[in-house]
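Please look through the notes below with the model open beside you.

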Amino acid sequence: MAEEICVFAKDAIIIKSPKKSLALLRKLVLVCAMVCGIYICSVCLKQTNFDHTGTSFLNIEVNWTHCHDHSIDKSREPYLHYPKPTTFSRAECGCNPVRLFAILSMQRSGSGWFETLLNSHTNVSSNGEVFSVKERRNNVSSILSTLDRVYNLDWFTSASKNQCSAAVGFKWMLNQGVMEYHKEIVDYFNDRGVSVIFLFRRNLLRRLVSVLANSYDRYAKLLNGTHKSHVHSYVEADTLARYKPLINSTSLAMDLKLMENTVSEALEYFISTRHMIFYYEDLIKDRKKLVDVQEFLGVPVMELSSRQVKIHKGPLSEHIKNWEDVNKALTGTTYERFLDTD
C-alpha cells in the first residue's frame, strides 16, 4: 500500500503509517502487558503462600512450647500429654492436656458396662477392645504401633471425642496379648505415662456363668436370631437369662483357681505402673467409686450413666442347671463364698 504524504511547509514533510498497522501494534503491546501482569501475579501468589505456610508452621511450634502449665504439680506432668494427630487438627484444644489410660480386665467382668459409664463423660474416650483383632497383637511391634495410634488420637471409634478429649484409652482383656508381652507393655506404659485401671469380678463363679451363657448365645442367638453380649432392656435380659449353663463340677475348683492366678499375675506384672484396682461388685453397690475413677483420670467429676441392663440377677441357683453338683463341689472349699454372694 502506498504511503500517504502530507506537506505542511516547504521544508517539512510528515509520513503517516497506515491506521490498520497502528491498531495491530497496540494490540501486541496490550497482549504483552497482560502476559507480564499474569506472570508477576503468579510469582507474588506463590511467595505469599510460601510465607503463609512457613508462618503457620512457626506459630504452631511456638504455641506447642507454651502448652505446658507451670502451675501443675510436677508429679503429674509425666501423665499429661499434648498429642499431635496426623488425621485431624485439635484446633483450639491443642493445649488441653490428655491423660492416657488402659482398662485391664477379663471377659464378662463388667468392663463393657464400665466403659459405657466412662464414655458418658464429656471428655473421656474409651475405644473398646482394640486388641480383639488378632493381627494387632501378633507381636510386640504390632502392639506398640497400635498403642501409638490410639494414644496419638488417630484411632477412630464411636467413642472418640477427638479434639477436646481429656482422657483417652481402651479396654484390654488379659487373654489378648497382655500377659505374653507384659514386660514390653509395662515399659511402654511407664515411658508414655499410661495409667492402668484394673477391673475384675470378686465372684468368679458368677463370671463363669456369664462366660458360658454368652458363649452359648453366640451360636443360639436367642434374641430373634441376633447375638448380643450386652443388652439395653429388661425383656432382652430376661430372655438371655433363661438359658442355664451346665458347669463341670469336677474341674470347677481348679478353673476358679486358674482365674485367681491370672488376676494375681496381672497385678504383679503391672505393679510398677500408676494404677488403681476396682471390682465390678463394688462399683454396683457404691457409685461413689466412680468419683474415684474420674479423679484418677484427672477429669472433671460428672454424673456417669449407662443404658446397659444386668442379665443374671438373683441367686446363682436360678442360673446354673446342675446347681446341686456345683454346690456340693464348692462347699467346704475356699470358694464356698461364691455360692451365696451376688
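Is K228 buried, partly exposed or exposed? K228 is partly exposed, with a relative accessible area of 30%, where buried means under 20%, exposed over 50% and partly exposed in between (1.4 Å probe, protein chains only).

1. This is a predicted model, in which local features need pLDDT of at least 70 and side-chain atom pairs count only at pLDDT 80 or more, whereas totals for chains, interfaces and linings use all residues. Residues are numbered from 1 along each chain as its sequence is written, and side-chain values use heavy atoms, with hydrogens and water left out.

2. In strand β6 (residues 194-200), 7 of 7 residues are buried; helices (H or I, at least four residues) and strands (E, at least two) are DSSP runs, numbered from the N terminus. V194, V196, F198 and F200 point one way from β6, while S195, I197 and L199 point the other way.

3. Strand β6 pairs in the parallel sense with β3 (residues 99-105) over 6 bridges, pairing being assigned if DSSP finds at least two bridges between two strands, and L104 stands opposite F198. Strand β7 (residues 275-279) also runs parallel to β6, joined by 5 bridges, with Y279 as the bridge partner of F200.

4. The whole structure holds 6 salt bridges, each a side-chain nitrogen of Lys or Arg within 4 Å of a carboxyl oxygen of Asp or Glu. Among them, K228 pairs with E236 at 2.7 Å between the closest N and O atoms.

5. D282 and R202 meet in another salt bridge (2.8 Å, N to O). D282 lies in helix α9 (residues 280-285) and R202 in the loop between β6 and α6 (204-220), so the pair ties together parts 80 residues apart in sequence.
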